[in-house]
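Subject: Structure handover

Hello,

Here is the structure for your files. Please open it alongside this note.

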Amino acid sequence: MPLSVVTQQPLHVEEFVRLVEALGPWLPDVEDAPIGVAVSGGADSLALAWLARQWRKNIVAFVVDHGLRAEAAAEARGVAQQLAALGIVTHVLKLAPFPSGRIQERARDARFDALEKACAEAGCIDLLVGHHLHDQDETVWMRSAAGSGSHGLAGIAPVSIRGRIRVVRPLLSVHPERLRGMLRRMGLDWVEDPSNHNRRFERVRWRQDLTSDQRLQSRVWQRQADSQRKKQDEKLAYHLAQYATWHAEGWVFLHKDGLEEHALSSLIRLVAGNKYRPAREKVQSLLRQGQGTLGGVTMQPAGRFGEGVLLVREERAVEKKIPAHSCQVWDQRWLCRVEDIPEGAQIGAVGDYAAQYDGRKLGVPARALRVLPALWYGNEIIRLPQPLSLSEETSFIWAGNVPITGENPVAL
Ligand SMILES: Nc1ncnc2c1ncn2[C@@H]1O[C@H](COP(=O)(O)OP(=O)(O)OP(=O)(O)O)[C@@H](O)[C@H]1O
């Protein structure tokens, strides 16, 4: 029977609770630690917010206004009012304008950055988002069309870590019609975003064109790839635990017996804080050479650190100095924890200043000391990172936001 003929029953609260509880553990339902919900005002996330509110008392909704359409601000206010009427505390997050080009990707990144920050401020460590079964089908199909391997075909992960929060997608196995059915039954209206129908975007074209058979096929691929990915990840985690040592100054020692393609590419991604692993051929060529730079990371023989290699952030690749703020991330890896930052201060690499320190005594490669972050005021360093600082206070903490195994969370 074609899928479209199957009647989709509205989703019930009990089923939602089963789905969401399976993705725990969850903190107790207390005021100080609410669960965040990202709500666009579209049917899926509105349904998610309503269901989450039945599940728990303490939730906080975040509505992001990208400022991309004239009516967006009024729509966001409308959604906030609708949520407030459902007894849900809501914050509207207005994004600063971003440059044109790659608009969907930029909007997504900016949205998740804003959501992560807002969650941290509201005391949420978990954020629910409303991706559903059709989003998963389209993602898998698109990745298959792009020639992805099992990592890509495993699709959107039900749980992923993004910076300081856990992003949870309890509706990934739910047909969207079941969510709309639920909203209709509750008499709740939703907003239709016109960009969801704009065929300029690849995802929209697949959403409109995928047949039921293609959707079924993509679910088969997804399940196979997911189980393959899990096996590969377990193997890699075991391998890294055996051979790799990550150091708090952002560098890695990899034992020679552990030098192989998957381990190396995952560690390069980790040390550089990159979204993606480097291309396979390049990793293989680096392995053949035994040393060199790739993906913003330098690999060199480990020398006094043992038989193997060191992976250190490449000095030429680090971000230039940027204006310093508290909670500012520099070089996509270091979060500034300093509170009382003077006007005009900047975050930049320690650089030549590191020459004053003895890496041997500190147990850190000299190269790794040079690429650590520091707080600069003109040509002076006013806050040093650990282990160069004499103070007990930690001025910078690792915020690489990159998993060691598995895929980087893709903010869809
Ligand atoms: N403007 C926004 N504000 C808050 N959360 C958002 C916003 N846009 C998307 N999200 C979150 O990301 C999820 C997936 O985004 P996507 O663009 O697929 O959703 P949508 O089709 O715009 O809306 P919905 O999923 O609510 O129907 C949403 O379900 C929601 O949780």
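Below is what was found, from the overall fold down to single residues.

This is a predicted model: local features need pLDDT of at least 70, side-chain atom pairs count only at pLDDT 80 or more, and totals for chains, interfaces and linings use all residues. Residues are numbered from 1 along each chain as its sequence is written.

Overall fold

The protein chain holds 13 helices and 18 strands. Both are DSSP runs, numbered from the N terminus: helices are H or I with at least four residues, strands are E with at least two. The radius of gyration is 23 Å, close to the 22 Å that the globule rule gives for 412 residues, so the chain is as compact as a globular protein of that length. (That radius is taken over C-alpha atoms; the rule is 2.2 Å times the number of residues to the power 0.38.) The C-alpha trace spans about 70 × 50 × 40 Å along its principal axes.

Of the 412 residues, 35% are buried. Buried means 20 or more other C-beta atoms within 10 Å of the residue's own; exposed means 12 or fewer, and partly exposed lies in between, with C-beta atoms placed from the backbone. Among contacts with a separation of 6 or more, 66% join residues 24 or more positions apart. A contact needs C-beta atoms, placed from the backbone, within 7 Å.

Domains

The domain assignment gives domain 1 (3-210), domain 2 (234-315) and domain 3 (319-398). Such bounds come from an automatic or database assignment. The centres of domain 1 and domain 3, taken over C-alpha atoms, are 37 Å apart.

The annotated site

UniProt, in an unreviewed entry, lists Ser 40, Gly 41, Gly 42, Ala 43, Asp 44 and Ser 45 under "binding site". The positions use the numbering here, feature names are shortened, and annotations may be inferred rather than shown by experiment.

Ser 40 sits in the loop between strand S1 (35-38) and helix H2 (43-55). Ser 40 is buried because 21 other C-beta atoms lie within 10 Å. Not counting residues up to four places away in sequence, Ser 40 touches Ser 45 and Asp 193.

Gly 41 is in the loop between S1 and H2. Gly 41 is buried, with 21 other C-beta atoms within 10 Å. Beyond its neighbours within four places in sequence, Gly 41 contacts Leu 46, Val 63, Glu 75, Val 79, Trp 190 and Val 191.

Nonpolar cores

A nonpolar core is a set of buried Ala, Val, Leu, Ile, Met, Phe, Trp, Tyr and Cys residues joined through C-beta atoms within 7 Å. The largest has 48 residues, and Leu 267, Val 271 and Leu 311 have the most contacts inside it. Helix H10 (residues 261-272) gives this core its largest share, seven residues. Domain 2 (234-315) and domain 3 (319-398) each supply at least three residues to this core. Apart from it lies another core, of 44 residues, including Val 63, Val 79, Ala 118 and Met 182.

Val 271 has its own list of partners. Leaving aside neighbours within four places in sequence, they are Gly 250, Trp 251, Val 252, Val 297, Leu 311, Val 312 and Arg 313.

Arg 277

Is Arg 277 buried or exposed? Arg 277 counts as buried because it has 22 C-beta neighbours inside 10 Å. It lies in the loop between H10 and helix H11 (280-289). Outside four places in sequence, Arg 277 contacts Ser 265, Ser 266 and Arg 269.

Two sheets

Strands pair here if DSSP finds at least two bridges between them.

Three bridges join strand S14 (residues 334-336) to S18. Cys 336 has Phe 396 in S18 as its bridge partner.

Another open sheet has four strands, ordered S12-S15-S16-S17, also antiparallel. Strand S12 (322-323) and strand S17 (380-383) are its edge strands, each pairing on one side only. S12 and strand S15 (residues 346-349) pair over two bridges. Pro 323 has Gln 346 as its bridge partner, and Ile 322 stands opposite Ile 347. S15 and strand S16 (residues 373-377) pair over four bridges.

Best wishes

Conventions:
Contact = placed C-beta atoms within 7 Å.
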